[in-house]
Amino acid sequence: MTADKYRILLTGSKGQVGKAILNILSSNPLFDCFHFDRSQMDISREDQIKNIIKDIKPHYFINTAAYTAVDAAESDAENCMVINGHACGWIAEALKKQNGRLIHFSSDYVYHSYTGFPLKESDVTRPAGVYAKSKLLGENLIREAGIPAMILRTSWVCSPDGKNFLNTILRLSEQRPTLQIVNDQYGAPAFASDIAHETHRILEAHAKGLISDHEFNDTYNFTSHGCITWYDFAVKICQLAGRTVEITPIPSKSYPTPAKRPYWSVMSLNKIKTKLNARPPHWLEALKACLREKSL
Ligand SMILES: NC(=O)c1ccc[n+]([C@@H]2O[C@H](COP(=O)([O-])OP(=O)(O)OC[C@H]3O[C@@H](n4cnc5c(N)ncnc54)[C@H](OP(=O)(O)O)[C@@H]3O)[C@@H](O)[C@H]2O)c1
């Protein structure tokens, strides 16, 4: 595939990852980025997906749009399954007709296995809860369509201005004298700017023929390096931001939520590092960079 300029169709352009990707793509003259927020392209509408793909004929479709309210999903299953699941199948089928490629984002929630070892892409998936099942359905429908597609599984996404754990802790630490944070769920945050940087690097390398179709067309984990609990994360956020709130570690059973959280979300990064030459940052360096961006 060679072109003077590659047409990119980006969904979820106002979300954490979508916004960060748009920011990078729009300054690369190799790409023409057609970006859509939910009001401009609702991926729960198959007709909109078909028509927009037919009009734009994208070389690459980057799907960051998703139903990410994991607790709300438990009582809104149909919507969540359509947006995270069936819509992925519609996108893939419409792309097939245009010979388009797909970059799609999935989640640590598909694993739900407490192995104690970093989770590999080939590990068994045991999604628990509506959101987790919807994300796996999306992955499977994309694979079934048989188009060239890269699926990036990420976790604990943070960005300077998004709706995320980092900003919740910064807000609560100003409002309350003490916080109780779960200390038995392990994982690593992924910062939207790092996800965007790697997505852009891989996309550009693939467009230039430096990454083969075979390497592109696969599932990869991508997050920061490290293994922490939400408690560890909260403590470090407050320490670096100069917040004096007292933080108490608690077990998950003391903080019941409608959706089950995975206890173990630590993902192996070996595949994306060896096959695609990715260089994920350590979570602490990435956190510091994000706080600098927030001027904290
Ligand atoms: N956030 C996390 O911690 C996390 C963890 C693991 C994996 N992921 C995955 O990473 C990807 C990016 O997540 P993110 O953190 O950037 O999520 P986000 O900030 O919640 O952004 C998702 C975007 O999708 C949009 N959207 C929702 N329903 C839509 C629809 N029917 N049609 C079009 N757009 C729709 C939302 O618009 P509105 O705001 O208007 O609803 C929002 O702008 C997703 O695939 C997510 O599942 C996220």
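The model is predicted, so local features need pLDDT of at least 70 and side-chain atom pairs count only at pLDDT 80 or more, while totals for chains, interfaces and linings use all residues. Residues are numbered from 1 along each chain as its sequence is written, and side-chain values use heavy atoms, with hydrogens and water left out. Helices (H or I, at least four residues) and strands (E, at least two) are DSSP runs, numbered from the N terminus.

**Around the ligand**

- There are 24 residues around the ligand, and V17, D42, T68, Y131 and K135 come nearest. Here, a residue is near a molecule if one of its heavy atoms lies within 4 Å of it.
- On its own the ligand exposes 890 Å², and the protein buries 81% of that. Accessible areas come from the Shrake-Rupley method with a 1.4 Å probe; for residues, only the protein chains shown count as cover.
- Which elements give two or more residues to the shell? They are α1 (16–25), β4 (101–107) and α5 (130–145). β4 gives the most, with three residues.
- Sorted by type, the shell has ten nonpolar, nine polar and five charged residues. In this sorting Ala, Val, Leu, Ile, Met, Phe, Trp, Tyr, Cys and Pro count as nonpolar, Asp, Glu, Lys and Arg as charged, and the others, Gly among them, as polar.

**A closer look at D37**

- You'll find D37 in the loop between β2 (31–36) and α2 (46–56).
- Is D37 buried or exposed? D37 counts as buried because its relative accessibility is 8%. The cut-offs are under 20% relative accessible area for buried, over 50% for exposed, and in between for partly exposed (1.4 Å probe, protein chains only).
- The side chain of D37 makes a polar contact with the side chain of S39, at 2.7 Å. A polar contact is a pair of N or O atoms within 3.5 Å; within protein, one must be able to donate a hydrogen and the other to accept it, and residues adjacent in sequence count only if both atoms are side-chain atoms.
- Leaving aside residues up to four places away in sequence, D37 touches S13 and K14. Contact means heavy atoms within 4.5 Å.

**Two residues with positive phi**

- Most residues other than glycine have a negative phi.
- N277 isn't a glycine, yet its phi is positive, near 65°. N277 sits in the loop between α10 (270–276) and α11 (283–293), and at 47% relative accessibility it counts as partly exposed.
- S295 isn't a glycine either, and its phi is about 60°. S295 belongs to the segment after α11 and counts as exposed, at 66% relative accessibility.

**Salt bridges**

- How many salt bridges does a search of the whole structure find? It finds 16. A salt bridge is a side-chain nitrogen of Lys or Arg within 4 Å of a carboxyl oxygen of Asp or Glu.
- K19 pairs with D161, their closest N and O atoms being 2.5 Å apart. K19 lies in helix α1 and D161 in the loop between β6 (157–158) and α6 (165–175), so the pair ties together parts that are 142 residues apart in sequence. K19 is partly exposed at 41%, whereas D161 is exposed at 55%.
- D71 pairs with R261, with 2.8 Å between the closest N and O atoms. This pair links distant parts of the chain, since D71 is in helix α3 (residues 70–73) and R261 in the loop between β12 (246–250) and α10, 190 residues apart. Both count as partly exposed, D71 at 25% and R261 at 23%.
- E174 and R243 meet at 3.7 Å, N to O. E174 lies in α6 and R243 in the loop between α9 (230–241) and β12, so parts 69 residues apart in sequence are tied together.
- E139, R143 and R153 are linked in a network of salt bridges.

**Helix α6**

- The buried residues of α6 are F165, L166, N167, I169, L170, L172 and S173. They pack against β6, β7 (178–182), α9 and α11.
- N164 caps the N-terminal end of α6, with a side-chain oxygen 3.2 Å from the backbone nitrogen of L166.
- E174, the salt-bridge partner of R243, is exposed, with a relative accessible area of 61%.
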